[in-house]
Amino acid sequence: GTLSANAAGLLAVPTVSVACLMLWMDRQFGTHFFNAQNGGQPLLWQHLFWMFAHPWVYMIVLPAMGIVSDALPVFCRRPLVGYTAVALSTVVTMMIGFGVWVHHMFATGLPVLGMSFFAATSILISLPSGVQVFSWLATIWTGRPVFTAAFYFFAGFVVLFVIGGVSGFVTGSVPVDWQLTDTYWVVAHIHYVLIGINLFPVIGAVYFWFPKITGRMLDERLGKLNFWVMFIGFNLGFFPMHFTGLMGMPRRI
C-alpha cells in the first residue's frame with residue numbers, strides 16, 4: 001500500500017505543482033493561463049488539480065487498507081485470504097486511479113464521449129476494491145475472531161468502506177452525478193472515504209501496534225467505548241447527509 005502510494009506521488013504531485021506555479025504567475029506577472037477574459041482556460045485548472053487530487057485519495061487510503069490487510073488476520077487467527085489478489089488489487093487500484101479524474105468534472109460541459117470513458121473507469125475501479133472487501137470478510141468468516149478494540153475498528157472500517165464506496169460508485173454515472181453534484185451527497189461521500197476509511201484503520205493500528213512499540217497494553221474497555229462513540233457518532237453525523245443531498249440541499253451551507 002505504501003509502495004503504491006509513493007510511486008503515485010512521484011507522478012501525481014508534479015501536476016498540482018505546475019498548476020500552482022501557473023496560478024502564481026497569473027497573479028504575479030499577468031500571464032493568462034486560467035483567465036478566460038484573456039483567452040485562458042479555467043477548466044485547465046480543474047484538470048490539473050484533479051489529475052493530482054483523485055490519485056491523492058488513493059495515495060491516502062491504500063496504506064490504511066494495507067494496515068487492515070496486515071493486522072486484521074492477527075485478530076482472526078489465520079492468514080489473510082487471497083493475499084496475492086489483495087496485493088495485486090492494491091497496485092491495480094492505484095493505476096486505474098490515474099484515469100478517473102474527470103468524474104469530478106461531469107457538470108462542466110465536457111464532451112459526452114469523453115465523460116463516458118471516465119464513467120466506465122470510475123465504475124471499473126470498484127472491482128479491485130471489491131476484491132479486498134471480500135478478502136477481509138472471508139478472513140473474518142473463516143477465522144476465529146478475537147473481539148478486541150483493534151478488531152472493532154478494522155471491522156467498522158469495512159462497513160464504512162462499503163458505504164463510502166457505494167456512494168462514490170453511484171456518482172460514477174454521469175446523469176446521476178448531474179443530479180447529485182455540489183449537494184450534500186458529495187459531502188457524505190467524501191467524509192466516509194476520508195475519515196471513515198482512513199481514520200478508523202489508523203486508530204485500530206494504534207491499538208494494535210502501541211503495545212508492540214511501548215510494551216504497555218491499552219485499556220480494552222476504554223478502547224471499545226472509543227470505537228462505539230466514534231462509529232455511532234460518525235454515522236449519525238454523516239449518513240443523513242445522503243438523504244439531504246438526494247433532496248437537493250447544496251453543499252457549503
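**Exercise 1.** Determine which residue forms a salt bridge with Arg251, and where the two partners lie.

*Solution.* In this predicted model, Arg251 forms a salt bridge with Asp182, and their closest N and O atoms are 3.8 Å apart; the term requires a side-chain nitrogen of Lys or Arg within 4 Å of a carboxyl oxygen of Asp or Glu. Arg251 belongs to the segment after α11 (240-246), whereas Asp182 sits in the loop between α7 (174-180) and α8 (184-196), so the pair ties together parts that are 69 residues apart in sequence. Helices here are DSSP runs (H or I, at least four residues), numbered from the N terminus. Residues are numbered from 1 along each chain as its sequence is written. Because the model is predicted, local features need pLDDT of at least 70 and side-chain atom pairs count only at pLDDT 80 or more, while totals for chains, interfaces and linings use all residues; side-chain values use heavy atoms, with hydrogens and water left out.

**Exercise 2.** Classify the accessibility of Arg251, Asp182 and Arg252, then examine the phi angles of Asp182 and Arg252.

*Solution.* The classes rest on relative accessible area (buried under 20%, exposed over 50%, partly exposed in between; 1.4 Å probe, protein chains only). Arg251, at 26%, is therefore partly exposed, and Asp182, at 41%, is partly exposed, whereas Arg252, at 69%, counts as exposed. Turning to the backbone, Asp182 has a positive phi of about 60° although it is not a glycine, and Arg252 likewise has a positive phi of about 60° without being a glycine.

**Exercise 3.** Describe how helix α6 and helix α9 pack.

*Solution.* Helix α6 (residues 149-170) and helix α9 (residues 199-214) pack at an angle of about 165°, with their axes 8 Å apart; axes are lines fitted to C-alpha atoms over the stretch in contact, and angles run from 0 to 180 degrees between N-to-C directions. That makes α6 roughly antiparallel to α9, a class that takes angles over 145 degrees.

Terms used: Helices (H or I, at least four residues) and strands (E, at least two) are DSSP runs, numbered from the N terminus. Angles under 35 degrees count as roughly parallel, over 145 as roughly antiparallel, 65 to 115 as roughly perpendicular and the rest as oblique.
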